[in-house]
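Subject: Model for your files

Hello,

Here is the model you were expecting. Please open it alongside this message.

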Amino acid sequence: MLHVGINGFGTIGKRVADAVRVQPDMTVAGVAKRSPNFEATIADDRGYDLYAADGREPFDEADLATAGTVHDLIETSDVVIDTTPSGVGAANASLYADHDTPAIFQGGEDADLADVSFNARANYEKAVGADTARVVSCNTTGLSRLLAPLKESYGVEKSRVTLVRRGADPGQTGRGPINDTLPDPVEIPSHHGPDVQTIFPDLDIDTMGMKVPTTQMHTHSVNVTLESEPTTEEVTSLLADESRLFLIPETLGIDGAGKLKEYTRDAGRPRGDVWENCIWAESITVEGRDLYLFQAIHQEADVVPENIDAVRALSERTASAEKSIRRTDEALGVGRGLVEHDGSPQRVDSHADD
Ligand code: NAD
């Protein structure tokens, strides 16, 4: 069993901890937090050992037992996943190095903080045995999963993506916009293109970003000029075979992120999480060598399985991406409860209550 510590128990950290918990080869060594807020009580309720990132007093005052400090957590962990806010991971890097504990950072950190920027489908092997990895952001993860099979099968001459981004996560009450549509960032390309190039260094990609008043999901409008000329049906079939891409069948009547989230809540997903890229099947269109499609990305969830694969890569327990991805997906339930794009019922056996 790999003992995995999670430092930072917020939007990403709590999901990652729950994903570690269901893996057959991993256990949660504990979670570190700064404050005894509602998420600390959830950690306690789940039975995760709670470690104090910033002193134990606030937890003592709130009557929440702590098992030690963040140093103790790092010492007891085989791998630490740092899910603290952007920039805090960089400040924590020396802690992990001092304890000689492999560490995984998140997309809010600069790429040069880690040995490798990571996406399981695109470059798992590069992280095998590394000391540190950075799981790229939700948007970069979504684009990497899509571009990897396209590059392998057809070659990519140029990608152009407009990212219509959620203004905030549901719990981020201080962010916006609440009544506007913002070019964000105004500069072109947005930072997303260069971030995708940390995964595919030779990829030609231009990105434009916007922010809109929703907390549900990001939506990408994608145009990829391929090096060869497959049919729409061939591309559809290629993408349908990818375990972390869900092709939304037209028959479901899902017109946006609201119904998508409702669908995954109905399907029994924890927190209604959508770990897969959601591609509108009827949007997949090839004209000459140009591919067009729309996809939605659940910002709180798509990086979660990637963190699990990064643990296996760093710890050198599973040398193959395919094996790790399959193991992660089966344990977590990626694909579970979602119909195939041709309308057939389930992609993975249903285990509604695990
Ligand atoms: P968050 O604010 O929801 O959670 C961070 C948690 O870390 C909070 O509980 C906070 O109290 C805690 N924390 C703060 N300082 C700490 C410290 N010094 N030690 C331990 N814990 C500390 O943030 P998040 O949205 O989960 O983001 C975490 C990382 O994941 C960031 O790098 C972010 O860019 C990245 N990410 C976020 C999203 C998203 O949409 N939320 C998607 C992909 C990647």
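Below is what was found in it, by region.

This is a predicted model, in which local features need pLDDT of at least 70 and side-chain atom pairs count only at pLDDT 80 or more, while totals for chains, interfaces and linings use all residues. Residues are numbered from 1 along each chain as its sequence is written, and side-chain values use heavy atoms, with hydrogens and water left out.

The sheet

Helices (H or I, at least four residues) and strands (E, at least two) are DSSP runs, numbered from the N terminus. An open sheet of 8 strands has parallel pairing and the order β4-β3-β2-β1-β5-β6-β8-β7. Its edge strands, each pairing on one side only, are β4 (68-69) and β7. Two strands count as paired if DSSP finds at least two bridges between them.

Strand β5 (residues 79-82) pairs in the parallel sense with strand β1 (residues 2-7) over 4 bridges, and Gly5 stands opposite Val80 in β5. With β6, strand β5 also pairs in the parallel sense, over 2 bridges. In β6, Ile104 is the bridge partner of Ile81, and Ala103 is that of Val80. Both faces of β5 are covered: Val79 and Ile81 on one side, and Val80 and Asp82 on the other, are all buried. Buried means under 20% relative accessible area, exposed means over 50%, and partly exposed is in between (1.4 Å probe, protein chains only).

Strand β8 (residues 132-135) is joined to strand β6 (residues 103-105) by 3 bridges, and the two run parallel. Strand β7 (residues 116-118) pairs with β8 in the parallel sense, also over 3 bridges. Ala133 in β8 has Ile104 opposite, and Val116 stands opposite Ala133 too.

Crossovers

β7, helix α6 (residues 120-127) and β8 form a right-handed β-α-β unit. Right-handed here means that, with the strands pointing away from the viewer, the path from the first strand over the helix to the second runs clockwise. Between β5 and β6, which pair over 2 bridges, the chain crosses through helix α5 (residues 88-98), and this β-α-β crossover is right-handed.

Helix packing

Helix α1 (residues 11-21) packs against helix α2 (residues 38-46) at an angle of about 5 degrees, with the axes 11 Å apart. Axes are lines fitted to C-alpha atoms, for helices over the stretch in contact, and angles run from 0 to 180 degrees between N-to-C directions. α1 and α2 are therefore roughly parallel to each other (under 35 degrees; over 145 is roughly antiparallel, 65 to 115 roughly perpendicular, and the rest oblique). Thr11, Lys14, Asp18 and Arg21 in α1 meet Phe38, Glu39 and Arg46 in α2. By class, this contact has 1 nonpolar, 1 polar and 5 charged residues. Ala, Val, Leu, Ile, Met, Phe, Trp, Tyr, Cys and Pro count as nonpolar, Asp, Glu, Lys and Arg as charged, and the others, Gly among them, as polar. Contact means heavy atoms within 4.5 Å. α1 also lies across β1, β2 (26-33) and β5, and runs at about 160 degrees to β2.

Loop residues

Gly87 is placed in the loop between β5 and α5 and counts as partly exposed, at 40% relative accessibility. Leaving out residues up to four places away in sequence, Gly87 touches Gly108 and Glu109. Gly87 and Gly108 are 21 residues apart along the chain, and their C-alpha atoms are separated by 6.8 Å.

Ser283, in the loop between β14 (277-280) and β15 (285-287), is buried with a relative accessible area of 14%.

Backbone points to check

Most residues other than glycine have a negative phi, and most peptide bonds are trans. The peptide bond from Gly176 to Pro177 is cis, with omega near 10 degrees; Pro177 is in the loop between β9 (156-166) and β10 (182-183). Ile188 and Pro189 are also joined by a cis peptide bond, with omega about 0 degrees.

Asp100, not a glycine, has a positive phi of about 55 degrees; Asp100 lies in the loop between α5 and β6 and is exposed, at 70% relative accessible area. Glu316, also not a glycine, has a positive phi of about 60 degrees and is exposed, at 54%.

Regards
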